[in-house]
Each structure stands twice: as structure tokens, then as C-alpha cells.
Amino acid sequence: DGSPVRSVTTIPTGPPTSSFAGSPTCADGYQLLTGSYDGVLTSHTLAAADGYAVARTAVQPNSEGGRHPHYVGALLPIPAAAEFGEPLAGGYITGCRDGIVRVFGPDHAPVKELRGHENNVSSLAWLELAPSGGGDTAAAAGAVPPLLLSGSWDGSARIWNVATGSCLATLGEHENGVEVVGLPPVPVSPSSGGDSAAAAGSATGGLVGRLATTSAGIAQGNVISNHRVRIFSVHLPTLTSPVATTAALRTVSNDHAGPIRSVAYDAATDSILTASNDGTVKIRDGTTAESHTTLPHPATFSGSGDGQPPMLLDVACLGGGRYACAAEDGTCVIWHTQDTTNNSGSGGGGEPQTLDHPGSVWTVRSLPNGDIATGCQDGYVRIYTAAGNAARCAPPEEVAALAAAVAASRTSKAQGPSAEEVAALPKWEMCALTQGRSEGQVQMFNKGGRA
């Protein structure tokens, strides 16, 4: 619809296989689903033939009840597993600025609304469960549908039973915006943390799980502090229990130099990743949440023109030790931490790869076939594939058009706001009377014809 793309996910188009932790895969292709700032959902059907070419695009694929009243900041596919059943399996879930979590079926028809948050729902993830006391986690994951996690700007995370629509637990008292990610029910390396017994499910009977949350912190003057990473355990007596019990296992505070904006989990390395306004991604131990590697943004271009690293808005695991971030300066950065001959920032050797965009990159996602997709401020979703795959690269004219758009955007930013844009700002004399609308808000003013 032309408005900024704030979220991206994939759902299958045919009989799929899927996992709770990853994107669905399908031999016949998949749908690339996007959510925009204007609350519009768009589905792009990507066919496996001809290198996953776009076969069909549908704006508001099921318009009845599908339009959101504000921007869609989070999208999550529902695993196409028998445990979910109809009409949920193979559908998706959205998080909206109005605080409502919405559930859709595979035909894009709205199924139900999950209400309880009081502000923007910015993060969605699955919480895998396993029998208390251990056992075969893989078998348990195949028999027990996961719970839904949601994170919000209201300072809380919630745990939901999607089938019943009930909220099982609320994790409150976070510092403003909350991001969520599910962890393995039983720690991969129990010996690395003293709280592992609790995390593995010391409660008698029932089901257990673990999750991580991050918070944006609290503004005190010009400093934002108390941004934290927390790990919680979850205990559910039975699948039909109306209440889940949670316990805090770990808290790590202020090891970023700014608010934490995104979190992800890499199952292959048992690592938690966090992206921050300080321009870094931190790789953390999956049991303790302690940071062991910092990946700095190369800051090859800063929209502010002062050489400071940009704010990182999203982080994604691409597999094989590759991680990607979306940045507000119009870049998507990819680190190869397991390839010492390639780009890995401080996590290895060389410089990370930078993909330039003509506007802020709000989100980045790994696709089932190994490509990555980015959602940009200019309203475009762009798909990138591995270098050297000439058969699937965009035509030269498209590549040239993107380069020209990037150059024009950088020129415009370097020149600053136009006289018309400055004139539209509130007068400097109104500074003391202007009420802020959110924590840490920055407001521009017109002072003598300058912004």
C-alpha cells in the first residue's frame, strides 16, 4: 500500500512441514506476509518454480475484518501441526499498535482477538513446552502445542493459550517496551548456570518452558538506563490449566549502552541475541543471558551525519553462525561469525556485509529457502539471495534503480530538512508547553528558521 513495512513473516501455500522455532517450509513455495504502518496486510505468493518468483500479490487478502486500525508491528506464523487443528494450523498472528493480538487462519480469515495489553504489541514468539523433569523434549514438542508469547510497550509480556484465547500469565514490571523469545524448555547446557534445575522443571508434574524478555529501559534526563534481559521459567500443571506459574531465573542489566529493541534465539548455538539503540548486537549464553560477543554496526553511513552508529531495530538468525540486523540509517548488516575469512565484526575476522536501502529498515527475516527479506520505510519488501546466484538476481535495471534511490536518500538526509519542513515544526517558544507522548520521545522545533 506504499506505507512503511513494519513486519514480515512466511506462511506455507501447500502441505507444509514446520517447526515451532523456525519458519515454515514447503516444496510448492510459500506466502511472504507483510504488515504496514497503515495497518494493511499484504500477501505475496512465491512459487518454487523460476527461483521463487512472485506468482501473486494480494492486498488485504481477506478484507473482511483483516484491516488493522494502526500499524502491524509483529507477525508470527502458526505451526501447521495437528496439535493446533482447524482453523488455526498454517495461519498467523499479528501484533498491533492498538494493543490487540489477532489470530488468523490459513485462508486469512480472522479467528479471534486476544485482549489484555494496553499499548503496542511489538513482539510475538512461541513458547515450547516439555514434561516436567525432562524426558524427550523433541517428542514432547511434537505432542504439545506451544503457548504464545507477546511483548508490549505497556511494560509487560503475556503468555497465551491460543486455542482457548485465555491469558495464562502476565510478566509485568518491565522497563517500558518488551520483546520476547521462547527458549528450549530444558537448558542445553545445564552445568553453565546454577538455576538450571529450576529451568529444567523442578516442579512436580505438568509442563515446563523457558522464555527470555528484554526491556527498553527508563529515561532519566538525557540518559536511558535499566534496560534488561531476563530469563523466566514457566510451569503449567496441565494443558487445560487456566493459570501458568512463572519464576525469574536470570537478570542481566545495562550491558548495552541504549534501549534493547529486538531479541532472537539461535538454537544451533544456544545463543540469545539482542539488538540495541547503541548500534550493537550482543550474543549471549542461552542459559545465563550473559554477553560473550559484541557485533558492532559498521556505521558506514549515519543519517545524523555525526558518525555515530545507528539504532538497530531488529535482529534475525540466518543459520550457520550468520546474523542480520535492521537499522534506522537504511542498512541491513550481516555478520558471518563462524567464517574467519568473511565478515564478522568483533565476532571473527573482516567487516560485516552491508545492504543499503533508501529508508530505515524496520525488519529483517530469514526465508525458508535461505534468502532474507527486509521491510523498509519506503514501503518495499526486498529479497536478497546469496552472492553468485546469478539466475536468481534481480535484473540490472532494478539493481541500478535501488542504487539511485539510496543515493538520493543520502543526499536528502545530508541536506537536512527543507524550509517547508522546518516551517511546519512547532515554534521554539512552545518548547516548555509541549507535552511528551511517550517515554524518551524526541521533539524537533523551529528556532529562528532552523530545526
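A charge sits over a ring when NZ of Lys or CZ of Arg is within 6 Å of the ring centre and within 35 degrees of the ring normal. Keep that in mind for the first close-up. This is a predicted model, so local features need pLDDT of at least 70 and side-chain atom pairs count only at pLDDT 80 or more, while totals for chains, interfaces and linings use all residues. Numbering runs from 1 along each chain as its sequence is written, and side-chain values use heavy atoms, with hydrogens and water left out.

**View 1. Arg-6 sits over Trp-362 and also lies over Tyr-71.** The charged end of Arg-6 is 3.6 Å from the ring centre of Trp-362. For Tyr-71, Arg-6 lies over the face at 4.2 Å from the ring centre.

**View 2. Tyr-37 and Tyr-71 make one of three aromatic pairs in the structure.** Rings of Phe, Tyr and Trp (its six-membered ring) pair if their centres lie within 6.5 Å; planes under 30 degrees apart count as stacked, over 60 as edge-to-face and the rest as tilted. Here the centres are 5.4 Å apart and the planes meet at 15°, so the pair is stacked. The two tyrosines are 34 residues apart: Tyr-37 is in the loop between β2 (30-36) and β3 (41-46), and Tyr-71 is in the loop between β4 (54-59) and β5 (72-77). Strands are DSSP runs (E, at least two residues), numbered from the N terminus. Buried means under 20% relative accessible area, exposed over 50%, and partly exposed in between (1.4 Å probe, protein chains only). Tyr-71 is buried at 4%, whereas Tyr-37, at 37%, counts as partly exposed.

**View 3. Tyr-92 and Phe-104 form a stacked aromatic pair.** Their rings are 5.0 Å centre to centre, with 10° between the planes. Tyr-92 lies in β6 (residues 92-96) and Phe-104 in β7 (residues 101-104), so the pair ties together parts twelve residues apart in sequence. Tyr-92 is buried at 1% relative accessible area, and Phe-104 counts as buried at 1% too.

**View 4. Strand β12 (residues 157-161) is covered on both faces.** Ala-157, Ile-159 and Asn-161 are buried on one side, Arg-158 and Trp-160 on the other. Two strands pair if DSSP finds at least two bridges between them. β12 pairs antiparallel with β11 (residues 147-152) over four bridges, and Trp-160 is the bridge partner of Leu-148. With β13 (residues 166-171), β12 pairs antiparallel over five bridges; Ile-159 stands opposite Ala-169.
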